Amino acid sequence: MKKVFLVTVTLLLAVSMCFCGGRTEKKTAEDDSKNIIVFANNAMSEKFSPFFQESVPDMHVVDSTTIQLLYPNRNGSLVYKGIEGETTSYNGTNYTYTGPANLVVTENKDGTVFYDYTLRKDLKCSDGVALTADDMIFSLYVYCDPTYDGSTSVYSLPILGMEEYRSGMESLFSLLSAAGRDNKDFTYWDKATQDAFWADVDQAGVKFVRDICDYCIAAGYGKAEDPVGTIMANWGFPADASATEADIFKIMYDAYEGDLVTLSDTEKANSSLTALMNDYSTYTKGVKTGDSADYVKGFQKTGDYSVRIVLTEVNAPAADLMDIYIAPLHYYGDKAQYDYKNNKFGFPKGDLSMIRAKTRVPFGAGPYKFVSYENKTVYLEANPYFYKGAPKTKYIQWKETNSQEEVLGITQGTIDISDPTVSKDRLEQIASFNSNGQITGDKLATYLVDYNGYGYIGINAQNVKVGDDRASEASKNLRKAIATVLCVYRDVVIDSYYGNAASVINYPISNCSWAAPQKSDSDYKVAFSTDVKGNPIYKAGMTEDEKYAAALNASLGFFEAAGYTVKNGKVTAAPAGAKMAYNLMIAGDGVGDHPSFGIVSQASEALSKIGFTLIIDDLTDSAKLWDTINGGTHELWCAAWQATMDPDMFQIYHTDGGSSYHYNIDMPELDELVVEGRTSTNQAFRKAIYKEALDYIVDFAVEVPVYQRQNGHLVSSDRIDINSVPKDITTYYDYYNELENLKLK
């Protein structure tokens with residue numbers, strides 16, 4: 001939840017750094033600057049493992065050196081016929097896609113589902129060793145080991161025998177953490193181990209707090225001479241001037257009720273708590289606590305190059321969640337410990353130490369092989385055995401680059417390709433370097449694609465309602481009264497902030513998704529554009545001022561229907577359970593630096609004219625926003641969601657979803673739609689179900705869809721052969737998908 005704050009301070013840090021050049025080149029006799037492409041990358045944490053990578057910068061390195069089972073096409077659908085190739089149309093052009101594997105999905109009468117994967121036979125690692133079904137089986141068992149703590153969640157799927165395999169064993173770290181400091185039960189470990197563990201946690205906790213403080217100081221949220229309690233107040237954990245790092249860590253530990261994993265994931269600045277432990281690897285091994293199976297019944301090797309995964313029920317997102325990296329057994333595991341028929345899978349169950357040991361040095365069948373990481377640069381060399389053919393450029397580099405260098409670095413020759421944050425000002429900067437004054441010209445070529453996510457304004461139904469019923473028509477009308485006025489200012493404000501780099505959306509879903517309603521659909525509607533009687537608020541040819549007046553008048557109608565007293569064009573009294581003023585949080589650094597700030601400030605001014613108050617809380621620390629949401633006291637707020645390739649809505653909108661408390665809808669009708677959307681793999685069926693769910697969410701008036709922004713890929717048209725860049729780049733398919741084809745002029 002602190003990610004928004006981290007993005008903010010990262011940008012602040014980038015602005016404060018000066019530009020420094022010098023094209024980084026590996027000092028070897030083979031190195032030839034005419035055969036190197038340098039990619040800008042954000043800060044890397046050296047988690048270059050297909051199993052334990054966390055950040056996007058590290059994923060770039062993993063994706064360059066390793067392959068996944070399946071890859072998406074430009075439309076965002078996985079290519080199921082990767083071996084023979086699959087042709088689909090995008091933007092009026094047919095494109096043929098190939099990949100490492102084929103997938104056939106079979107839904108059986110008994111409710112089970114077979115996912116049959118077939119690997120192509122020409123997959124080879126950079127050492128020439130072939131990838132087979134054994135490598136896929138090995139990889140699956142790593143991802144599903146009871147002690148696996150990476151980000152891939154294959155084990156969460158209803159795979160036959162998964163629960164039996166993962167039960168009866170937990171990592172020592174999990175057990176010690178759950179037992180607590182005062183544990184007296186030494187069934188699974190001795191007191192010396194427990195004492196050593198908590199001593200290690202405590203010293204790591206001091207470093208953890210210091211790391212957060214250093215991050216805050218660098219970002220201007222504190223001074224080096226400030227007491228640690230003062231600095232940590234900006235992170236949401238205030239303490240008196242005499243508090244030490246150890247004192248603050250205890251406060252954090254208590255706040256998270258001893259949940260070290262969640263504490264670390266939520267609060268980390270640069271380093272995780274476990275990364276700061278002296279002996280974390282000692283505690284990652286599994287401890288047997290009961291009976292468990294020694295294999296997963298649903299993982300079935302059906303041939304030298306084929307594997308079947310059996311699910312006990314239909315689960316629509318399953319193909320995406322099972323789209324794993326195929327890691328070579330002979331590198332990450334131990335071939336001597338692999339015997340499929342005797343349930344041995346390349347490593348001891350509950351002990352991933354040999355896999356963890358190779359986290360910093362990736363290896364696989366990707367287009368490039370890892371050479372080294374030096375001076376904040378990853379050096380890679382072409383894999384001559386890559387299944388699509390040896391890459392056209394022999395060497396590439398992933399170079400850590402601050403945001404100010406992403407454009408200037410290309411113009412000065414230190415980097416060749418970057419992914420800068422797109423804004424109106426940034427696009428104007430790019431255009432200024434081209435002789436034609438456009439964003440694509442003789443020096444720089446810009447490729448804009450929709451970001452798979454969207455900005456929104458949220459409303460907490462539990463705290464913005466009439467009476468005690470969040471689902472009553474009166475409660476919905478109250479929220480619609482506010483949402484209608486917010487919506488009318490979207491077009492002008494978003495255009496002013498982003499220019500052509502963003503567009504206004506009308507449903508709470510990314511436009512990148514195949515499930516997103518399209519303007520050409522017969523039932524497509526502009527969000528909150530009808531009045532309380534269901535009539536259109538706006539007419540063709542209206543000026544902006546006329547639209548603003550119409551929205552405000554419609555808002556009065558909603559307030560009145562919600563039970564508010566309306567006299568002489570003003571709201572004068574609220575019904576029981578409702579208020580005359582609500583608070584809206586927005587993380588604009590206290591200066592309105594947020595895409596939605598113009599929307600909420602103009603809406604607040606307009607609502608004040610009819611007697612209603614929308615209080616804008618422009619936060620200098622976005623951590624306060626998430627702390628308030630976590631505490632459940634939030635009313636309205638501005639933020640953005642990042643979407644997954646599959647449009648599954650469970651996480652955000654289902655009552656049991658991990659983020660459902662943001663909106664507090666908690667309605668069985670919506671839950672049923674969300675679950676129904678998971679019960680079929682038929683895309684047309686799912687799209688229709690999700691459209692019903694989206695309409696339900698809009699009618700519940702808990703989310704105002706605001707904008708779909710764009711990402712930018714920036715390429716040196718002066719040095720890169722532009723014809724080698726994929727045509728029709730999209731969110732799901734860009735130059736990463738054809739890394740092997742990129743070449744210099």
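Helix 6 and helix 9 cross with a left-handed sense. In this predicted model, the contact draws on five named positions of helix 6: Phe197, Trp198, Val201, Phe208 and Ile212. Helix 9 contributes Leu260, Leu263, Ser264 and Glu267. By residue class, the contact of helix 6 with helix 9 comprises 7 nonpolar, 1 polar and 1 charged residue. Ser264 is a polar residue under this scheme and Glu267 a charged one, and both lie on the helix 9 side of the contact.

The geometry of the pair is as follows. Helix 6 covers residues 191-218, and helix 9 covers residues 260-267. Their axes come within 12 Å. The crossing angle is roughly 15°. Helix 6 is therefore roughly parallel to helix 9, since angles under 35 degrees fall in that class.

This pair belongs to a protein with 22 helices and 26 strands. The C-alpha trace spans about 85 × 70 × 70 Å along the principal axes of the protein. The radius of gyration is 27 Å. A compact globule of 745 residues would have a value near 27 Å, so the protein agrees with that expectation.

Burial and contact order were examined over the protein as a whole. Of its 745 residues, 53% count as buried. Contacts between residues at least 6 apart in sequence were also classed by separation. Among these, 69% join residues at least 24 apart.

Technical notes: Residues are numbered from 1 along each chain as its sequence is written. This is a predicted model: local features need pLDDT of at least 70, side-chain atom pairs count only at pLDDT 80 or more; totals for chains, interfaces and linings use all residues. Side-chain values use heavy atoms; hydrogens and water are left out. Axes are lines fitted to C-alpha atoms, for helices over the stretch in contact, and angles run from 0 to 180 degrees between N-to-C directions. Helices (H or I, at least four residues) and strands (E, at least two) are DSSP runs, numbered from the N terminus. Angles under 35 degrees count as roughly parallel, over 145 as roughly antiparallel, 65 to 115 as roughly perpendicular and the rest as oblique. A crossing is left-handed if the near helix is turned anticlockwise from the far one by less than a right angle, and right-handed if clockwise. Contact means heavy atoms within 4.5 Å. The radius of gyration is taken over C-alpha atoms; the globule rule is 2.2 Å times the number of residues to the power 0.38. Buried means under 20% relative accessible area, exposed over 50%, partly exposed in between (1.4 Å probe, protein chains only).
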